[in-house]
Amino acid sequence: MIVPVLDVRGVCAGYAQRRVLHAVDVAVAAGEWVVLLGANGSGKSSLLDCCVGRLLPFAGEVSVCGLAMVGDGATAKRRLGYAIAPERLPALLTVRQCLTVQAAAKDLRVLDPAMLALAETLRLTSRFDDAIEQLSYGTRQKLGVLLALVGAPELVVMDEAFNGLDPSSSLALKGHLRKLVSEGQTGVLLATHALDIATVWADRALLLHDGRILHDWSRSQLDRLRNDREGGLEAAMAACIIAADLAPHAFPQRG
Amino acid sequence: MAVTSSPIDVPSVDALRLAQRFERRNRLSACRGLEPAHRILLLAVAATAFIVVAAAGYRFCTSASWWLDPLRTHAPVVALAAAWVVRSRVERVRRVIEQRFASSWLAAAPILSCAIAGMVQRRAASELLIMIGMSCGLIAAAGAINAVPVWNVIAAVVAGAIPGALLGWWSAARPPRVRAENHVRIARRQADRGTTIGLGALGRWAFAERIARLRPRMEARVFGAVLFSMPMGIPPLTAVLLLLSLAVAVIATTLLIAQLAIVPRAADWLRTTPLAARTLTISSGARTCAWQCVYTVAMAAVLAALGTDARTILAIATGWFAWVAASTLTAFAVRHRKDRVRIEIFALATVLAALASIAVPLALVAAAIVAVVQWKRAEAA
């Protein structure tokens, strides 16, 4: 049996007294790029936080490459890369220092040449010795993505990682991720509002609504939606959400 | 595609230590980068603060018999008090550091839980050592100056601190209680004010946010003080007043720090609006002064009830108000004229705020203790 790089089973999670996720199941295989779509506040970031061990679920299990996030967290985190949000990066450190710390956390002595090449493509190398507080939002976003790729992880988790990137950097990054995925060793889970990524680059797209997975589009379905002249994926998403809101009994009730 | 010519050498050090080392190094280089005039000013402020604290400490030690004698005769109470203070401090330090790490950029990095626990232990231990070291140093100095043996007091502090630290560490490991009243309070405030927009709402905002998040646990502190004061011969009402003075000082300082932290943030986004900086300064500054007035009056009332003389009360109130006005104006000036005023001034204001946050409550509490002593002396006479 092939073990998925990410296996989320029956995860319920939230903050204090507010439950955000309701028994969510998601699996990402190696060589698969999965896009997580959904309205603001639908639970995308919370789900990603559960996947990378930043949020402890009330119930359910998260495992990365067969390693449980609760109980074997450090080993599981060694196999994943998480794109840090620009506002969470340490303002005082330089780009080089951030990459060094991330590499040290993964017990690496040198950085992957492919990742350094991507840094060069993203025009980040010239900013290696600048403090993060001096960088623009887009440049910080690039650093966040690079940090996720340190140590060639088997699972890359990204939350709105393409926001603020210039078109050429965005294209280069999508190409790099697609190459990693096509080589069959890496799985990517990306939460985004950019529907072009879902229709052009991804292998599957999941729609999260009110903390539940409403729909799962395969590559062939996404291809059909890309060529659809009556709204495509956007219209399909809206239809799913309206149907769920009109018939809530069709979905599991909130716990 | 050209591969970068900037290879990154990764030292074989724990990632957490490495991040802390880099941060320390960068902070130091930022200090070294200060202009000479600002550096001299910073040194002058630090030297003045040191001299003032040393002089106050010496004065406190030279007339120490009034507080040393009860401590020497009630060592078990001292041990209990030390355990109580250390337990609360360790619990808070552990919770804060762990929460900060959980939302930090390294939260998703493969760092072993023992390394995280080690970091938290080092921080808590260093803070605890400073706290206990300073207390024991003060007691030892007072004992030496007054030629009184104080080893039993120091032993009591250490003996209380060790189980207190262990208890605090253990209790912080339990999941924190969700305080429903805080959520309710925030919700009610929002409901009451609706979507009111204007300077009044803006002025209220920083304080409303801060007050909604205050968790003073006053009941426990007052009860604890009363319990501790019984064997020492201090009447419960005096002990309650002492604790009340501490609470007022802490709340006033917390609100001032909130002003320094939150209002500049508001100023940042308001810079893009047609709202004039002067209007914001007047509105929010007036509210700061109003709140601080209330707290100063409360503090003065408590001190007066304890028997402090009017000159001391006036001196404390004036000093506090001067500090409130200076720090608020500095914070606004720096944020609104970012392009003209060097950012180092903001660093200076932060250092001053940190100093004040320690010095002012200490001064207020010391004044309250002096008042109790005066009262006891008068009673004995």
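Tutor: Let us begin with the idea of contact: two residues are in contact if their C-beta atoms, placed from the backbone, lie within 7 Å. Please keep in mind that this is a predicted model.

Student: How many residues of chain B are in contact with chain A, then?

Tutor: On the side of chain B there are 27 residues in contact, and they meet 38 residues of chain A. Helix α1 of chain B, residues 15-32, gives the most to that side, with seven residues, and by class the side divides into 21 nonpolar, four polar and two charged residues.

Student: In which order do the strands of the open sheet in chain A lie?

Tutor: The order of its four strands is β2-β1-β4-β5, with antiparallel pairing; β2 (18-28) and β5 (67-68) are the edge strands, each pairing on one side only. Strands β1 (residues 6-15) and β4 (residues 59-64) of chain A are joined by five bridges, and A:D7 has A:S63 in β4(A) as its bridge partner. Helix α1 of chain A, residues 44-51, packs on this sheet and touches β1, β2 and β4, its direction making about 120 degrees with that of β1(A).

Student: And how does one describe two packed helices?

Tutor: One gives the angle between their axes and the distance between the axes. For α4 (residues 75-102) and α5 (residues 113-145) of chain B, the axes come within 10 Å and cross at roughly 145 degrees, and the crossing is right-handed. Their contact includes B:V86 and B:R89 of α4(B) and B:I116 and B:R123 of α5(B); by class, it has ten nonpolar, no polar and five charged residues.

Notes. Residues are numbered from 1 along each chain as its sequence is written. Chains are lettered from A and ligands numbered from 1 in the order in which they are written. This is a predicted model: local features need pLDDT of at least 70, side-chain atom pairs count only at pLDDT 80 or more; totals for chains, interfaces and linings use all residues. Two strands pair if DSSP finds at least two bridges between them. Helices (H or I, at least four residues) and strands (E, at least two) are DSSP runs, numbered from the N terminus. Axes are lines fitted to C-alpha atoms, for helices over the stretch in contact, and angles run from 0 to 180 degrees between N-to-C directions. Ala, Val, Leu, Ile, Met, Phe, Trp, Tyr, Cys and Pro count as nonpolar, Asp, Glu, Lys and Arg as charged, and the others, Gly among them, as polar. A crossing is left-handed if the near helix is turned anticlockwise from the far one by less than a right angle, and right-handed if clockwise.
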